[in-house]
Amino acid sequence: MPINSISLAGFRSIRKLTLELEALNVVVGANGCGKSNLYKAIHLLHASAEGRLAAALAEEGGIQKAMWAGGPRRGDKARGPKRMILSVRLDDYDYELQLGYPEPSMSLFSLDPLVKEESLWLASHGRRPSTLLLERRNQAAFLCGVDGERNTYPASLRAEESIFGQLAEPHRYPELSQLRETLRRWRFYHEFAAWPGSPLRAPQVGIRSPVLAHDGANLAAAYQTIVEIGDRDLLRSVLAEAFPDSHFLVDAAQGRFQMLMQREGLLRPLEAAELSDGTLRFLCLTVALLSPRPPAFMALNEPENSLHPALLPSLARLIAEASRYSQIWVTSHSPHLAELIRRHRPLKLFPLALQDGETLLNDDH
């Protein structure tokens, strides 16, 4: 199920914003305009499906740091509860999650979010009561079961987590269960573990890996998986274009896999510990985008970081190729990367700007 639109409100610099998505989407803008905030907001939906909503917000500094900090704008209500709203429209479903501050209490856990409302509708019918599959208010919920009847969820829900992370007997609620699995399978790549001494730079026990880990730790195994069951020719073609004086291979001594790079003029291959951060990052992006098990949705946050400009044409080719099989979201500092991608595939460009502390689409772009 592709994402048709994302609507966000009250998250960091995003007061209110709706984006209509296509198969290939690129968000560009200057530093501090809110590109990464969009990426993080979408990642929160994924985290909620994994039962990690509170933990993901804790990584942002807690609900107080993640909530919109700006003042009211013209047309806003001067008063009323302050909420963060994350909403997504897919082919089959509309889902919305509303978060607020925790209630005053004796508890020390003051940075946890409070789920105020959570709703799921059948798509293409409008958000009418007759299409409502989930209606949650605070810790009580009503769900449409497998028999089509509206049922009260039998357990009290934890206030700081989405219902996705607490759903018992998911077979009784097939639509909710299907959406949870859809959100769980989204993939996000932001920071690869390329620092000295990281697992990415050391031999790892190799198992067949059609999906690259979010930090790239299983790079060698995921690379070899593409060689054996994926698009090996495209993998090698892209790397030959990016590194014309080199080729890559996997060493699997005693079942421990590591990447090797053989360069012209060197008498021995370079091990992963000797490769530059940019080389490892490009390898990770290549393997992630050529996964033999492509996801419905994949997000890349500033993939051009640490890459030499000469690598951008190859990266653009990879992103365009991956969009044939997955819906792609890219945030980037580089309008040039967006233009390079456009040479291969049509894309939806979202130029952003920051105005009075608020992330907006830049209509002047």
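Colleague: Which residues does Glu118 touch, not counting residues up to four places away in sequence?

Modeller: Glu118 touches Tyr95, Glu96, Leu97, Leu134, Glu135, Arg136, Ser162, Ile163 and Phe164, where contact means heavy atoms within 4.5 Å. This is a predicted model, in which local features need pLDDT of at least 70 and side-chain atom pairs count only at pLDDT 80 or more, while totals for chains, interfaces and linings use all residues. Residues are numbered from 1 along each chain as its sequence is written, and side-chain values use heavy atoms, with hydrogens and water left out.

Colleague: Why is Glu118 called buried?

Modeller: The term buried stands for under 20% relative accessible area, exposed for over 50%, and partly exposed for what lies in between (1.4 Å probe, protein chains only). Glu118 has a relative accessible area of 0%, and therefore it is buried. Its place is in strand S6 (residues 114-122); strands (E, at least two residues) and helices (H or I, at least four) are DSSP runs, numbered from the N terminus.

Colleague: What makes the link between the side chains of Glu118 and Tyr95 a polar contact?

Modeller: A polar contact is a pair of N or O atoms within 3.5 Å; within protein, one must be able to donate a hydrogen and the other to accept it, and residues adjacent in sequence count only if both atoms are side-chain atoms. The contact that joins the side chains of Glu118 and Tyr95 is 2.6 Å.

Colleague: How many aromatic pairs does the count come to?

Modeller: Rings of Phe, Tyr and Trp (its six-membered ring) pair if their centres lie within 6.5 Å, and planes under 30 degrees apart count as stacked, over 60 as edge-to-face and the rest as tilted. By this rule there are eight aromatic pairs. One of them is formed by Tyr39 and Phe188, with 5.7 Å centre to centre and 85 degrees between the planes, and this pair is edge-to-face. It links distant parts of the chain, with Tyr39 in helix H1 (residues 35-49) and Phe188 in strand S10 (residues 187-189), 149 residues apart. Tyr39 counts as buried at 7% relative accessibility, as does Phe188 at 8%.

Colleague: Why is the pair of Tyr95 and Phe164 called tilted?

Modeller: The ring centres of Tyr95 and Phe164 are 5.1 Å apart and their planes stand at 45 degrees, so the pair is tilted. This pair also links distant parts of the chain, 69 residues apart: Tyr95 is in strand S5 (residues 93-100), and Phe164 is in the loop between strand S9 (150-152) and helix H4 (174-184). Tyr95, at 0% relative accessibility, counts as buried, and Phe164, with a relative accessible area of 1%, is buried.

Colleague: How do you know that Asp215 counts as partly exposed?

Modeller: The relative accessibility of Asp215 is 23%, and therefore it counts as partly exposed. Asp215 is found in the loop between strand S11 (204-205) and helix H5 (219-229). Leaving aside neighbours within four places in sequence, Asp215 is in contact with Glu191, Phe192, Ala193 and Leu200.

Colleague: Which strands do the bridges of S1 join to it?

Modeller: Two strands pair if DSSP finds at least two bridges between them. Six bridges join S1 to strand S4 (residues 84-90), and the two run antiparallel; six bridges also join S1 to strand S2 (residues 14-20), again antiparallel. Ile6 stands opposite Val88 in S4, and Leu8 stands opposite Leu17 in S2. Strand S1 (residues 3-11) is mostly covered, with seven of its nine residues buried.
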